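Please keep the structure open while reading.

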Amino acid sequence: MKEFLVELTTTVPEGTEPAEVDRRRAAEAVRAKELATAGHLVRLWRPVGELRSIGLWRAADEDELREKVLGTLPLWPWMTAVVTAVQPHPNDPGRPGAA
């Protein structure tokens with residue numbers, strides 16, 4: 001699978017009932033766990049003081065990532081995504097075999 005750095009920003013539509021927001025957020029947590037178990041969601045961060053997420057995701061390609069992975073998130077209809085394909089750097093200290 002290829003790796004992608006994904007920045008997600010969620011904007012709740014004006015007038016959305018708080019109960020609907022709560023329902024979707026709860027479902028989002030369940031789905032994120034499922035995607036992590038399946039190997040699609042590797043890491044997830046939230047920049048300090050911001051309401052966006054940055055994650056390391058895996059999929060066969062960007063189409064699969066958008067349609068079959070991110071597209072299954074309950075909050076996806078309210079999200080904007082910036083997707084960057086990434087690959088290991090030769091000087092990455094975290095790569096296998098690195099000193």
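1. Start with H40. Its contacts (heavy atoms within 4.5 Å), leaving aside residues up to four places away in sequence, are M1, L35, L56, W57, R58, A59, E64 and V69. H40 sits in the loop between α1 and β2. Helices (H or I, at least four residues) and strands (E, at least two) are DSSP runs, numbered from the N terminus. H40 is buried, at 14% relative accessible area. Here buried means under 20%, exposed over 50%, and partly exposed in between, with a 1.4 Å probe and protein chains only.

2. A word on the source. This is a predicted model, where local features need pLDDT of at least 70 and side-chain atom pairs count only at pLDDT 80 or more, while totals for chains, interfaces and linings use all residues. Residues are numbered from 1 along each chain as its sequence is written, and side-chain values use heavy atoms, with hydrogens and water left out.

3. Now the strands. Two strands pair if DSSP finds at least two bridges between them. β1 and β3 are antiparallel, with eight bridges. E3 has R58 in β3 as its bridge partner. β2 and β3 are also antiparallel, over four bridges. There, L44 stands opposite G55 in β3. β2 and β3 form a hairpin with six residues between them, and G49 in the turn has a positive phi of about 75 degrees.

4. Which side chain meets that of E3 in a salt bridge? It is R58, at 2.9 Å, N to O. A salt bridge is a side-chain nitrogen of Lys or Arg within 4 Å of a carboxyl oxygen of Asp or Glu. E3 is in strand β1 and R58 in strand β3, so the pair ties together parts 55 residues apart in sequence. R58 is partly exposed, at 30% relative accessibility.

5. The whole structure has seven salt bridges. One of them joins R52 and E50, with the closest N and O atoms 2.4 Å apart. E50 is partly exposed, at 32% relative accessible area. Another joins R66 and E62, at 3.0 Å between the closest N and O atoms. R66 and E62 are four residues apart in helix α2 (residues 62–69), which puts about one helical turn between them. R66 is partly exposed at 30% relative accessibility, and E62 is partly exposed at 35%. Salt bridges with shared partners link E7, E50 and R52 into one network.
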